[in-house]
Amino acid sequence: MSIPVLRTPDAWWVQLPAGAARIDTSATTTAELLSDRTAVDAASNSTDTVPVDTLDLISPVTAPCRVVAQMTNYVSHVKDSGMNPDTVPLTFFRKSSGSISGPTDAIVKPAHVNLLDYEAEIGLVIGKPFPVGTPVDNSTAADHIAALVITNDVSARDVQLPKTQFYEAKSYPTFTPVGPVLLILEEGDFARFDKLRLMLRVNGELRQNSTVRDMIYPPSKALETLSKFQRLDVGDLILTGTPGGTALKAPAKLIEIIGGFLPPALKWKLFFNKQSANPHYLKDGDVVEVSIATDDFMLDLGIQRTKVKYAR
């Protein structure tokens, strides 16, 4: 059975039905914790607990680490983006690990950003070194994945789109909220990965709701491709894409065709003027709630609640 682990500034904890049991470990990083299974297992059997709601939870994935993300990896999101799910390629981008924040930290919008978007995603936490050339296939992918976490791939769309690159637009501090739970997987748990459901609400309104069955390229295919060019180490984080329901939607085909004849500066000005009227972009004070679990809660990554704060 999977083991839900929490992190506070001074300790690691196993979440149990009766509360949270402190892990007797000297680990200060996610990689070190994943190597100290004896301590994790001991805490899993502890009766000495404290209420979870008394803990000041922070991200259970520690930085620095590699943060690698898959693009347009759900059928519903690909359609929202105006692309064909049958032909969309498997592609990746990087995020700065400086963007990682905790499960209750504010998402801080920089003053120059106007279109702040959300993307609920399942994060894979690497469990053993993964040099370039490591053979990976569907039968061995689970061996490299130690844990799952909730992530929110926060995006500054008005930075991302005109520059046609993702790194800056998705790497501002607080743009990757992680946690609360680091769900350490036991044998057989990963077989239930495709039953996970991602749900994101803004101020209680359901915006995203999809299971992993909507995913185009599963983790096994992502790891197989990454193994050809990207080294990964224990504690590194892979974001696996988001389902449909983000604020950003592709323009209608006719508008897109007309836009193709306009000078780039004018095209983007018109596009962003239109987007600025979209009420789904995140606003100051909005509360974003993300939950990821199987419908029977046999795998449960908890609930992430963050509040949007505009930088002044």
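1. Let's start at Ser59. Setting aside anything within four places in sequence, Ser59 is in contact with Arg7, Ile100, Ser101, Gly102, Pro103 and Val178. Bear in mind as you read on that this is a predicted model. Ser59 sits in the loop that runs between helix 2 (37-44) and strand 4. With a relative accessible area of 5%, Ser59 falls under the 20% cut-off, so it counts as buried. The Ser59 side chain also reaches the backbone oxygen of Val61, at 2.8 Å.

2. Thr29 is another loop residue to look at, lying between strand 3 (19-22) and helix 1 (30-34). Buried or partly exposed, at 26% relative accessibility? Thr29 counts as partly exposed. Its side chain reaches the backbone nitrogen of Glu32 at 3.1 Å. Not counting residues up to four places away in sequence, Thr29 touches Trp12 and Thr62. Have a look across to Val234 as well: the C-alpha atoms of Thr29 and Val234 are separated by 10.0 Å, although the two are 205 residues apart along the chain.

3. Now helix 5, residues 219-226. Why call helix 5 largely enclosed by the rest of the structure? Because six of its eight residues are buried. Those are Pro219, Ser220, Ala222, Leu223, Thr225 and Leu226. If you want to see what they pack against, click through strand 4 (67-70), strand 5 (92-95), strand 9 (120-126), strand 10 (145-152) and strand 16 (237-239).

4. Carry on past the helix and you reach Gln230, in the loop between helix 5 and strand 16. Gln230 is buried, at 12% relative accessible area. Which side chain does Gln230 join through a polar contact of 3.3 Å? That partner is the side chain of Arg94. Leaving out neighbours within four places in sequence, the residues in contact with Gln230 are Arg66, Arg94, Phe130 and Val132.

5. Next, the nonpolar interior. In soluble globular proteins, nonpolar side chains tend to be buried together. Here the largest nonpolar core holds 60 residues, and the members that touch the most others are Ile122, Leu148, Phe193, Leu196 and Leu223. Leu223 is also one of the buried residues of helix 5. Apart from this core lies another, of 28 residues, including Leu16, Phe93, Ile100 and Ala147. Ile100 is also among the contacts of Ser59.

6. Leu148 deserves a point to itself. Neighbours within four places in sequence aside, Leu148 is in contact with Ile122, Gly123, Leu124, Val181, Leu182, Leu183, Leu185, Phe193, Leu196 and Leu301.

7. Last, the second largest pocket, with about 550 Å³ of space. Which of its 23 lining residues are closest to the centre? They are Pro4, Gln15, Leu16, Val181 and Asp300. Strand 1 (3-8), strand 2 (11-16) and strand 18 (300-310) each supply at least two residues of the lining, and strand 18 gives the most, with four. By type, the lining divides into 16 nonpolar residues, five polar and two charged.

Technical notes: Residues numbered from 1 in each chain as written. Predicted model: local features only at pLDDT ≥ 70, side-chain atom pairs only at ≥ 80, totals over all residues. Heavy atoms only, no water. 1 Å grid on protein atoms, 1.4 Å probe; cavity = no way out; pocket = protein on both sides within 12 Å on 5 of 7 lines; lining within 4 Å. Points joined across faces, edges and corners; volume = space filled by probe spheres on them. Nonpolar A, V, L, I, M, F, W, Y, C, P; charged D, E, K, R; others polar. Buried < 20%, exposed > 50% of the residue type's maximum accessible area, 1.4 Å probe, protein only. Contact = heavy atoms within 4.5 Å. Polar contact = N/O pair within 3.5 Å; in protein donor to acceptor, adjacent residues only side chain to side chain. Core = buried A, V, L, I, M, F, W, Y, C linked by side-chain atoms within 4.5 Å.
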